[in-house]
Structures are given as structure tokens and as C-alpha cells.
Amino acid sequence: MNKWALNIIATVLAFLFVFPLIWMLLVSLKPDGTNVYAMSDWVHFADLTFSNYKKVITGSEILRWTWNSTVIGVMTTLLSILLSSLAAYSFSKMPFKSKGFLFVLITSGLLIPTEAILIPLYETTLHLNLIDNKWAIILPGLTNPIGILLLKQFMDGVPKDYIEAAQIDGSGTFRIWWNICLPLTKSAMVSVGIFFLILSWNNFLWPYLTITSEENMILSAGLPTFLSNNNMSLNMIMTASGIAAIPTILVFAILQRHIVQGVAMSGVKG
């Protein structure tokens, strides 16, 4: 298959993936009540307006929910990367007893669905007096073993010569982790960080159970509650969904180079 055919296929597939976002944006900019299912209505650009965005912003706590989601997402991501990279470095470069068993035990947590641990997790949160608190969402989000699994694969590719040379120079464990392993796995950590951020941003069930006040809600839990309590048209629903999607789209657009590098690399080649 020649290059032109591949380019045409790639363009068509890209359009198919982007089309729902374009449709959501156009519908959100249409006046409330517009028949968005009629092609002649939603491709007509003369009546575009931002009045729907004004209605959603003034009629709900969506900006506060967005801020809460941002704070929780950033804190969860940073702490998860820190803990995952430390654990990944230990499993990859430090010899200790039962390392293989502990690694299998940790990664087996991927087989346990969140719904299976909701009751004990809720009881623990209740006893710690963390209900209706941001830490009730942040702390359980730090236990996802996928970060350890992925970062270990990348740190396995860090040449042992670098580690041994640093040890000969008198570098300790934390200095080797900070000065050698972290810089060499930067793209992988960005990819894992984006994964954690999106996972936190889209988290619905656990925040819905633990956050009881409207001002502490995050976007994924507050927005469906707001939409279900108001008889809103499709235009308004797409407007609210567009506001919720903007932060993640910006993150992906800014960091897409690191995502591609993180996926393409299988480790650091020595």
C-alpha cells in the first residue's frame, strides 16, 4: 500500500475520531431549542452563540467543580507518579527477597474491580472522618498498580552500567533514582501521569459516594447530578459536556509529544 493510500486512510480515521467533538462544539454553540439532528440547522454558522455557556456557568457550580477536579487530579497524579516510580525503581534495580512474589501480588490488584472493595473502602474512609473531603478521593487513587507495572518496564531498560558507575562514585539509592532513572524515563512518566490524570478526572462512582456537599463535588459527579435535576435540552447538555472536556483536551494537546514517545519507546536503549 503506497503512502497516498495510507494518508487518505489516516485522514478518514482522524476525522471519524474528531467528528463527535466537532459536533458537540457546534451543538453547544447553537441557540437553545435548535433541531440539532437536522443537517441544515447545525451546519449553519450564522446563529452561533455563547449564551448556553453563560446559562450553564451561572446556573450551576461547574467552575467550582472544575477547580475541585483539577486540584484532586493534579495531586493524585503527582503523588501516584512519585510512589509508582519509587516502587518501580525498587523492583527493577534493587535486589531483595521475595521481589518476584511481591511484584505479582501488587500487579494482581489489576484483577480486582473497584466495585468489589467499595464497602470496606467506604468503612475505612468513614472511620478516618474523610467523608466529604478531597483526601477521600485522592488517597484511594494512589493505589493503582498500573503505574508500577509500566514504569518498571521502562526502568528495566536503564543500562546497569549507569547504576554501577553512580554507585562507584558514591551515589546513594535516592540519588540514583532522582538523577539517573527519572530523567531517562521522563516520557514514560508523562504518559503514565496523563493516564492517572484522565482516570481521576473521569472517576464517578467513588466521588459520588463520598462527597456529600455540592461545593466539594468534582466535575464528573456534580455535572450528572445537575443535568438530572434540570430539564435541559441537548444543546445545554452538550455545552456542559464541552466544558468538562476542555481541560483534558488541553492536557493532551500540550503533552501529545511525550505521549507518543512514551508509547513508542520500550525502554532506554544502552
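Which residues of the largest nonpolar core touch the most other members? Of the 20 residues in that core, they are Val56, Ile62, Trp65 and Leu219, a nonpolar core being a set of buried Ala, Val, Leu, Ile, Met, Phe, Trp, Tyr and Cys residues joined through side-chain atoms within 4.5 Å, and buried meaning under 20% relative accessible area with a 1.4 Å probe, protein chains only.

This is a predicted model, in which local features need pLDDT of at least 70 and side-chain atom pairs count only at pLDDT 80 or more, while totals for chains, interfaces and linings use all residues. Residues are numbered from 1 along each chain as its sequence is written, and side-chain values use heavy atoms, with hydrogens and water left out.

The chain holds 14 helices and 0 strands, where helices (H or I, at least four residues) and strands (E, at least two) are DSSP runs numbered from the N terminus. Of its 270 residues, 38% count as buried.

Leaving aside neighbours within four places in sequence, Trp65 is in contact (heavy atoms within 4.5 Å) with Ser60, Glu214, Met217, Ile218, Leu219, Gly222, Leu223 and Phe226.

Conventions
Buried means under 20% relative accessible area, exposed over 50%, partly exposed in between (1.4 Å probe, protein chains only).
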